[in-house]
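Dear colleague,

Please find the structure below, together with its sequence. My notes on it follow directly after.

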Amino acid sequence: MTPEQYVQQKAASSGSSFYYAFMFLPAPRRAAITAFYGFCREVDDVVDEVHDAGVAATKLAWWRKEVAQAFASQPSHPTMQALMPHVQEFGIEPRHLLAVIEGCEMDLEQTRYLDYPGLQRYCHLVAGIVGEVAARIFGQTSDATTQYAHKLGLAFQLTNIIRDVGEDALRGRIYLPISELQQFDVKAHEITKREYSDRFTALMRFQAARAHQLYDEAFALLPDADRRAQKPGLMMASIYRTLLREIEADNFQVLHQRIALTPLRKLWLAWKMQALGRM
């Protein structure tokens, strides 16, 4: 298997909404974003699949060394071998990859967040930076597009947090800020025990309203000159926001299940943005 086949398989098997947006890109950009996504999946999987925090930390330290080695023209992992031919053309820097690793390291060291600004720092590393790199690969021409990408990445991550509340709690993580749990009088043990309440629903409506506001703010920041090039990001936004609305329609029944869109529906939403420019 070639490095390119490896990252393609990684992206396709993930079932991620990102994959549907990649399909419509020209081949060079598709190869670059697939390789970058493969890197993100690799380091994220370390946290999700390695149950010993010490072992996971060692693996992430290895990835830090691999990034340095790859930018010194000696990549050893197939993901980095697939990514390196594209870094110069699309302005991908070591700091981008190291930020993603740093965000994953936070998952090993921190399972709760005191307030929303603390959560934002985490989201910036694992999603905002990812959005920044993706925007470059898609064909960014305006500096203002970076602000849009960061804001959209934050909206995506908050949508993920809402969707995965129950699943994350099983891993011992609650990303909802402690100050907001207290504001709505929701106890952490109620989440871990999958106990629904009107208080929990109110808390989740608050989270969803914030995510919707971030989507609107992101769209407002996207310069007209880059709107066409950034269609893949808008495809993902269409898919993620539709998912958020599905969760709302299901009254935030996210503690005992993972609500998801079907592959066909994701493909339809991506095509609609590509062909018609509509969400």
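Glu-180 is found in helix α11 (residues 178–183); helices here are DSSP runs of H or I with at least four residues, numbered from the N terminus. The residue is buried, with a relative accessible area of 5%, where buried means under 20% and exposed over 50%, with partly exposed in between (1.4 Å probe, protein chains only). Leaving aside residues up to four places away in sequence, Glu-180 touches Tyr-116, Leu-203, Phe-206, Gln-207 and Arg-210, contact being heavy atoms within 4.5 Å.

Please note that this is a predicted model, in which local features need pLDDT of at least 70 and side-chain atom pairs count only at pLDDT 80 or more, while totals for chains, interfaces and linings use all residues. Residues are numbered from 1 along each chain as its sequence is written, and side-chain values use heavy atoms, with hydrogens and water left out.

Two further helices may interest you. Helix α1 (residues 3–14) has 12 residues and reaches 17 Å from its first C-alpha to its last, close to the 16 Å expected at 1.5 Å a residue; the expected span is 1.5 Å times one less than the number of residues. Its buried residues are Pro-3, Val-7, Lys-10 and Ala-11. They lie on the same side of α1 because they cover an arc of only 90° around the axis, the arc being that of the directions from the helix axis to the C-beta atoms. The cover over these buried residues includes α2 (17–22), α3 (27–49) and α5 (78–83).

Helix α16 (residues 263–276) has 14 residues and spans 19 Å from first C-alpha to last, close to the expected 20 Å. Buried in α16 are Lys-266, Leu-269, Ala-270, Lys-272 and Met-273. Their arc around the axis is only 155°, which puts them on the same side of α16. Pro-263 and Leu-264 are exposed on the face turned away from that buried side. Both α2 and α15 (231–249) are among what covers the buried residues of α16.

Finally, the structure holds 1 cavity of 30 Å³ or more. On a 1 Å grid over the protein atoms alone, a cavity is a set of points where a 1.4 Å probe fits but cannot get out, and lining residues have an atom within 4 Å of a point. About 50 Å³ of space lies in the largest cavity, a volume being the space filled by probe spheres set on the points. Its lining consists of Ile-161, Val-165, Asp-168, Arg-173, Ile-174, Tyr-175, Leu-176 and Ile-191.

Kind regards

Notes
1 Å grid on protein atoms, 1.4 Å probe; cavity = no way out; pocket = protein on both sides within 12 Å on 5 of 7 lines; lining within 4 Å. Helix = DSSP H or I, 4+ residues; strand = E, 2+ residues; numbered from the N terminus.
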